[in-house]
Amino acid sequence: MSATRFPADLAALAPLRDLVKQRADAAGLSTSRGYRLMLAVDEVATNIVLHGYQENGLEGHLDVSVEVTEDNELVVCLEDDAVAFDPRSLEGPDAEDLSIPLEERDEGGLGIMLAMDGVDRFDYERVGERNRNTFAVRLKE
Amino acid sequence: MAINVSECQAVKVIAVDGSIDGKTAPEVQGEILPAVAGIDRVILDLSQVDYMSSAGLRMLLTLYRQFQARKGRIALVGVSEEIQDVMSHTGFIGFFALADTLEEAVALLEGTS
């Protein structure tokens, strides 16, 4: 599986989304599910660039690969060399938090919630010195 | 990403063209906030916005709080189905007046519809 390399910079978000969208379309994913997958990858990539790399004074890359597996899943794999971070460790807002009026709302955690809710399966692994975030959506039989 | 400021029936209209993500949201916010300083009604035309991440939601939250503080109102026009889904999922949608056209947005802000 060959990966596409992007600089760990917020300017890479748009081309990264384009890649995911193009592959989702090619795999026959519906517009709305393709959008949610693209959003999920974008939110996690944004976190990696801002909190994994920039806050720690690091520069590096995002390596992205997209494939359709034998189990008929579209799988996006996002790897980086930033500090270890498992997005699942962030506690996103729950239903009660989301019912709070906007003027009193804590704005944190929305991105990670959208990422986790936007795919059928999300996995994180630390592989050697790398972070690997995996996003999977089921394709129709 | 581009911002265009105009008026519709004496209500200021701010049209955004492009994607609102972690990179562009601070830029969009930096242009919108000075444009809405001191006014109590605004229409945000998002019909040319094809993508909005949580960074865009945080921008909307900042705008909402400013308008709320001065008893103002914000109407959003042309929000795509995908972005509406995200706003609904995050509990944002009920806090904004949503319209399909500028005229409808003006009517909503004036409380006539």
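Analyst: A salt bridge is counted here when a side-chain nitrogen of Lys or Arg lies within 4 Å of a carboxyl oxygen of Asp or Glu. This is a predicted model, in which local features need pLDDT of at least 70 and side-chain atom pairs count only at pLDDT 80 or more, while totals for chains, interfaces and linings use all residues. Residues are numbered from 1 along each chain as its sequence is written, chains are lettered from A in the order in which they are written, and side-chain values use heavy atoms, with hydrogens and water left out.

By the salt-bridge rule, the count between chain B and chain A is one, and this salt bridge joins Asp21(B) to Arg17(A), whose closest N and O atoms are 2.8 Å apart. The elements that each give two or more residues to the side of chain B that touches chain A are strand E3 (41–52), helix H2 (54–69) and helix H3 (81–89) of chain B, where helices (H or I, at least four residues) and strands (E, at least two) are DSSP runs numbered from the N terminus. H2(B) supplies the largest share of that side, namely seven residues.

Taking contact to mean heavy atoms within 4.5 Å, 24 residues of chain B are in contact with 26 residues of chain A. The area buried between the chains is about 2,100 Å², with carbon and sulfur atoms giving 62% of it; buried area is the accessible area (1.4 Å probe) that two parts lose on being put together, summed over both.
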